[in-house]
Amino acid sequence: MLSDTRRVAERPILGERPPAAAPPVTGSASDVDTDDRRSGDPSRPGMHRYVRRSLLVIAGAHVVVGVIWWLLNLTAVPAYGDTPEYVRLAQTLDVDGYRTLAYPALVRISLELSTATGVPWQLPLYLGQTAASVLALWYFVRTVAPRASRASVALVTAVTVTTPLVLHYATTVLSDSVAAALFVVALSGAARMAVHGDTRWRTVLLTGGSAVGTALMRAEKPVVLVAVAVAFVGIALVTRRRGPGAVPARARIRSVVPPAGLFLVAAVVATVVNGATQAGDHGRPDAGLVTAAMSRIVWPHVAEIRDDLPEPVRDAISPADAATFDQNVNSILALTNLLRELDGGGDAYTGAAIRAALRCCAPTVALQTGGDAVELAVAPLTFAGEASRAILAEGPVEGPTVWNLTRMDAAHPALTHVWVGLSSLVLLLVVVGGGLAVGRARGTTRRPGWSGGHTSTVVLLVWAGAVVNGCFFAAVGGGDANVRYGVSSGMVVVGVLAVLCLARARAERTDGTPGAPAPR
């Protein structure tokens with residue numbers, strides 16, 4: 001009897017029609033060095049060995065500095081505004097619509113372990129969050145590069161997990177890290193199911209369980225999961241490949257229905273559980289569409305639209321008050337409460353504010369929302385650019401990334417700045433190396449997937465999920481994009497680029513081939 005792995009490997013992947021004779025995979029990102037070995041130029045292999053060794057030295061230095069930074073920050077608690085609230089909620093477990101019960105429960109477990117063992121109270125939480133990030137990245141890299149050696153997977157995982165965006169939030173009392181790790185596992189499992197035809201029970205349970213887990217960690221994740229499920233179907237409809245072995249649209253849709261269905265079920269389960277436990281009232285407006293629209297559309301345009309608001313609102317909000325509201329995005333919650341109070345609990349005045357802001361500032365709002373979505377889609381690049389500029393600037397620089405950097409370097413500023421600089425260099429190298437690998441692979445012969453090969457389809461689905469997550473925060477959050485909400489994008493983007501870069505350097509096969517084993 002065939003093993004489960006053999007059975008998964010021999011299924012038609014993505015519902016495709018197997019070619020009569022599978023063509024060899026040539027010129028892919030995993031095979032680029034073979035041409036140089038056949039070229040007969042004795043200088044090029046030596047040069048490539050030198051480049052490879054230099055890259056490994058730089059990557060190794062980055063990992064070492066990241067681990068040192070991590071060890072030194074295990075006893076620090078970065079001063080984020082949400083951290084005291086999570087600590088308080090861990091004592092009371094009295095959450096409202098802005099929080100879920102799961103993360104305060106994790107903080108409470110960490111507090112209990114601290115009491116029992118005498119270790120710093122945040123240490124168990126940090127260790128658990130770091131372990132979750134490592135395991136999520138290992139699973140993701142295995143999904144993208146199922147034939148890569150364990151040493152290669154370990155190297156890519158180590159380089160990615162020690163980037164500031166991933167490792168810093170693993171050492172914070174915030175829900176972002178563990179939610180991002182579970183989200184990446186869910187997306188990776190969904191890609192395995194859709195692309196590799198992996199419907200083994202362990203894959204299905206891990207995918208569904210991770211989807212439920214991430215939706216229990218953060219209040220917005222059920223909505224994100226529904227949007228990702230819709231995005232999967234949309235990708236299946238619009239992504240096509242002509243020629244022999246082309247996958248019909250109906251087969252592509254069939255391949256994404258199981259993971260999309262899992263995400264929908266997970267969203268429903270988490271919504272029911274979260275709704276049953278969010279009984280607290282902390283004086284904030286409900287976390288609904290109106291509040292999101294006030295944050296994204298009205299802020300920071302209160303002063304501009306004040307004269308267009310109903311008379312009771314103008315009487316209650318002076319020009320100076322309106323200017324004050326525009327200075328801090330968090331003030332939009334107080335403004336929403338005020339407008340509803342003036343309207344006797346209704347939304348007539350909030351609706352008037354939203355319409356007035358759209359009349360005066362719709363192009364600006366659309367531009368800011370689109371720009372934030374792009375920045376979160378490539379969050380590691382956004383962080384590297386903005387953080388490096390803040391470190392090198394002679395004067396003060398403002399923005400969410402700068403705020404995050406001040407939380408990051410509070411305990412060890414000099415080491416943090418070296419780490420951020422080294423990480424930016426590594427990111428530049430993997431961008432260049434990954435780009436060269438992709439450029440070399442264009443136009444080569446591949447076993448057909450939805451578009452160009454199985455690795456590209458896996459990356460497309462997983463990154464699409466991270467992009468949808470970023471689009472959600474871009475749509476509901478006022479102000480500039482906060483890279484804190486792009487941790488999952490940081491994992492995916494750096495992980496993929498590192499895989500491509502390593503594939504070019506080591507000539508390892510990373511794409512699915514006939515008879516290739518299913519990802520482990």
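Thr336 is found in helix 17, which spans residues 331-342. The structure is a predicted model. With a relative accessibility of 0%, Thr336 counts as buried, because the cut-off for burial is under 20%. Apart from its neighbours within four places in sequence, Thr336 is in contact with Pro285, Thr291, Met294 and Thr350. Of these partners, Met294 also takes part in the contact of helix 13 with helix 18, on the helix 13 side, and Thr350 takes part in that contact on the helix 18 side.

Helix 13 (residues 289-298) and helix 18 (residues 348-377) pack with their axes 7 Å apart and at an angle of about 65°. The two helices are therefore roughly perpendicular to each other. From helix 13, the residues in contact are Val290, Ala293, Met294, Arg296, Ile297 and Val298. They meet Thr350, Ala353, Ile354, Ala357, Leu358, Val365, Gln368, Thr369 and Asp372 of helix 18. By class, this contact comprises 10 nonpolar, three polar and two charged residues.

Helix 9 contributes Phe183, Leu187 and Ala190 to the contact, and helix 11 contributes Lys221, Val224, Leu225, Val228 and Phe232. Seven of the contact residues are nonpolar, none is polar and one is charged.

At the level of the whole protein, the model has 23 helices and zero strands. Buried residues account for 51% of the 520 residues. Among contacts between residues at least 6 apart in sequence, 81% join residues at least 24 apart.

The unreviewed UniProt entry carries the annotation "transmembrane region" for residues 54-72, 123-141, 153-171, 223-239, 260-277, 418-438, 458-477 and 483-503. Two of these spans are described here. Residues 123-141 are 100% helix and 0% strand, and the end C-alpha atoms of this span lie 27 Å apart. Residues 483-503 are 81% helix and 0% strand, with the end C-alpha atoms 28 Å apart.

Notes
Residues numbered from 1 in each chain as written. Predicted model: local features only at pLDDT ≥ 70, side-chain atom pairs only at ≥ 80, totals over all residues. Heavy atoms only, no water. Contact = heavy atoms within 4.5 Å. Helix = DSSP H or I, 4+ residues; strand = E, 2+ residues; numbered from the N terminus. Nonpolar A, V, L, I, M, F, W, Y, C, P; charged D, E, K, R; others polar. UniProt positions renumbered as here; feature names shortened; annotations may be inferred. Buried < 20%, exposed > 50% of the residue type's maximum accessible area, 1.4 Å probe, protein only. Axes fitted to C-alpha atoms, helices over the stretch in contact; angles between N-to-C directions. Parallel < 35°, antiparallel > 145°, perpendicular 65-115°, else oblique.
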